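Readers may wish to keep the coordinates open while working through the points.

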Amino acid sequence: MAWLFLKVLLVGVSFLGCLYPLVNFCFNEETRGQKPNFVIVLADDMGWGDLGANWAETKDTANLDKMAAEGLRFVDFHAAASTCSPSRASLLTGRLGLRNGVTHNFAVTSVGGLPLNETTLAEVLQQAGYVTGMIGKWHLGHHSSYHPNFRGFDYYFGIPYSHDMGCTDTPGYNHPPCPACPRGDRPSRSPDRDCYTDVALPLYENLDIVEQPVNLSRLAQKYAEKATQFIQHASTSGRPFLLYVGLAHMHVPLPVTQLSADPWGRGPYAAGLREMDSLMGQIKDTVDRTAKENTLIWFTGDNGPWAQKCELAGSMGPFAGLWQVHQGGSPAKQTTWEGGHRVPAVAYWPGRIPTNVTSTALLSVLDIFPTVLALAGARLPQGRHFDGLDASEVLFGGLQSGHRVLFHPNSGAAGEYGALQAVRLERYKAFFVTGGARACDGSVGPEQHHEPPLIFNLEDDGAEAAPLETGSAEYQRVLPKVREVLADVLHDIADDHTSKADYTQDPSVTPCCNPHRIACRCRTTSLTRQKHQE
């Protein structure tokens, strides 16, 4: 365990002034100017229709729209799962949850995380000479070796899971508050929620909890500042860099007190979109000033909008999942309907990616891993199979074809976690299980197993309103192809080296900078080292 103690000691040094003391920014002639930089930005619960360039009704993403006009916009781009942890695990491994072991979300008390025998994008690039940083939401395990600093990231700043998974003094919308709780024999929590005993949200810098609870009203600006600092320092060092930003937006809005007034009266969600767009604009501006000619920015989302949050949820655009809506329940986040996994995506690299191009190629978050490694000249990890493809020709050559087939796993709706319950085959999409996700009106669609499956022609019916008639020639032509590709991938997974995540829970692993205080409070002016091993 000596190596682990040494790594804790080293990585735990915090960012001070203009120095990252433990990140080696030295360079040599082999690395200078030859390898590209990568900035990957993942929005949380952002709908396809939340990007103005996708959906004319959206007016709140001026910076992202500008980036799309100066780069490449994908309109048939998909998350690898329809909820947080599985989608993020697939981005960093290029593998579906049935392979990497992450099939549903981790909790505040989770002992495990992304299995340690899975190799992350950051680990591969780190070995290839890259400086690696991660800012924002991690949600792939925070205890011990599952922390980002042990998964290939030289630098980490952020909340280890969603920003509504703990209490805060700046509650805003849908956040539990953190008043002081009564001591003694009195009830610890009253019905009107004037006392909240859950652990406060922690903000990490490397292995240190630097603030608990987090001041959410300043979180977006802190993320922008840290991203700017990382890009500037890495750019001047001569070493190539990877920056992965897991945004807090648009999961639930950050505190309303910091959101500017909406002249059109569209409420907190639109204000949150503008704040997220501003943060994205700051990151892009920093890249443009420092490393424009050699940096790929790739923006996308982890899954579709959280429909049960009603006015605090985003827009699916035209991908309304009308068949499910008529049955009851949600066709968005957690589901395998288009609204659950079709996400906005924009790629930007001046001089390399053509400007103002719209791509209809069928692509996935899974493709980021092999594409980035190919551009970096790094090899895929050996001894395992991958579900993504190298999309370089789509990015640079204008190729409009991507995947022939994509598989959409259950991500918390009806059925078994991780099971491949929907199959995209060219223009067609087959559903074997539907239902199970809560809608704004409180309804939960009934769990229905379909044999033979429902099959939709997305080219004619993007709203997924009416499945093909099972007796039609079109249905009968497509069905055997669907069965064949599904059988093939399940056989491939069975022959692969797969992992299994540890989903056990233990309250003792909850991040806490001061266990002697209610909700684990600590002063933001002092750094308290969290103990990561017993």
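This is a predicted model: local features need pLDDT of at least 70, side-chain atom pairs count only at pLDDT 80 or more; totals for chains, interfaces and linings use all residues.

1. Overall composition. The chain contains 12 helices and 17 strands. Of its 534 residues, 60% count as buried. When contacts between residues at least 6 apart in sequence are considered, 72% of them join residues at least 24 apart.

2. The largest nonpolar core. This core comprises 51 residues, and those with the most contacts inside it are Phe-38, Phe-74, Leu-121, Leu-125, Leu-296 and Leu-395. Helix H10, residues 368-376, supplies the largest share of the core, with 6 residues. Apart from this core lies another, of 46 residues, which includes Val-108, Leu-203, Val-214 and Leu-273. As a general remark, nonpolar side chains tend to be buried together in soluble globular proteins.

3. Leu-121. This residue belongs to helix H5, which spans residues 121-127. Leu-121 counts as buried because its relative accessibility is 1%, under the 20% cut-off. Neighbours within four places in sequence aside, Leu-121 is in contact with Ile-40, Leu-92, Leu-242, Phe-369, Val-372 and Leu-373. The C-alpha atoms of Leu-121 and Gly-152 are 7.8 Å apart, although the two residues are separated by 31 positions in sequence.

4. Leu-125. Which residues does Leu-125 touch, not counting those up to four places away in sequence? They are Phe-38, Tyr-130, Leu-242, Val-372, Leu-373 and Ala-376.

5. Packing of H6 and H7. Helix H6 (residues 219-237) packs with helix H7 (residues 267-290) at an angle of about 15°, and their axes are 10 Å apart. H6 is therefore roughly parallel to H7, since angles under 35 degrees are classed in that way. The crossing of the two helices is right-handed.

6. The contact between these helices. H6 contributes Ala-220, Gln-221, Tyr-223, Ala-224, Ala-227, Thr-228, Ile-231, Gln-232 and Ser-235. From H7 come Glu-275, Leu-279, Gln-282, Ile-283, Thr-286, Val-287, Arg-289 and Thr-290. By residue class, the contact of H6 with H7 divides into 8 nonpolar, 7 polar and 2 charged residues.

7. Cis peptide bonds. The bond from Gln-212 to Pro-213 is cis, with omega near 5°, and Pro-213 is placed in the loop between strand S7 (208-211) and H6. His-249 and Met-250 are likewise joined by a cis peptide bond, with omega of about 10°. Met-250 is found in the loop between strand S8 (241-246) and H7.

8. Positive phi values. Most residues other than glycine have a negative phi, and most peptide bonds are trans. Ser-144, which is not a glycine, has a positive phi of about 55°. Its place is in the loop between strand S4 (131-136) and strand S5 (155-158). Asn-206 also has a positive phi, near 55°, and lies in the loop between strand S6 (203-205) and S7.

9. Burial of these two residues. Are Ser-144 and Asn-206 buried or exposed? Ser-144 counts as buried because its relative accessibility is 18%, which is under the 20% cut-off. Asn-206, at 4% relative accessibility, counts as buried too.

How values were computed:
Residues are numbered from 1 along each chain as its sequence is written. Side-chain values use heavy atoms; hydrogens and water are left out. A nonpolar core is a set of buried Ala, Val, Leu, Ile, Met, Phe, Trp, Tyr and Cys residues joined through side-chain atoms within 4.5 Å. Buried means under 20% relative accessible area, exposed over 50%, partly exposed in between (1.4 Å probe, protein chains only). Helices (H or I, at least four residues) and strands (E, at least two) are DSSP runs, numbered from the N terminus. Contact means heavy atoms within 4.5 Å. Axes are lines fitted to C-alpha atoms, for helices over the stretch in contact, and angles run from 0 to 180 degrees between N-to-C directions. Angles under 35 degrees count as roughly parallel, over 145 as roughly antiparallel, 65 to 115 as roughly perpendicular and the rest as oblique. A crossing is left-handed if the near helix is turned anticlockwise from the far one by less than a right angle, and right-handed if clockwise. Ala, Val, Leu, Ile, Met, Phe, Trp, Tyr, Cys and Pro count as nonpolar, Asp, Glu, Lys and Arg as charged, and the others, Gly among them, as polar.
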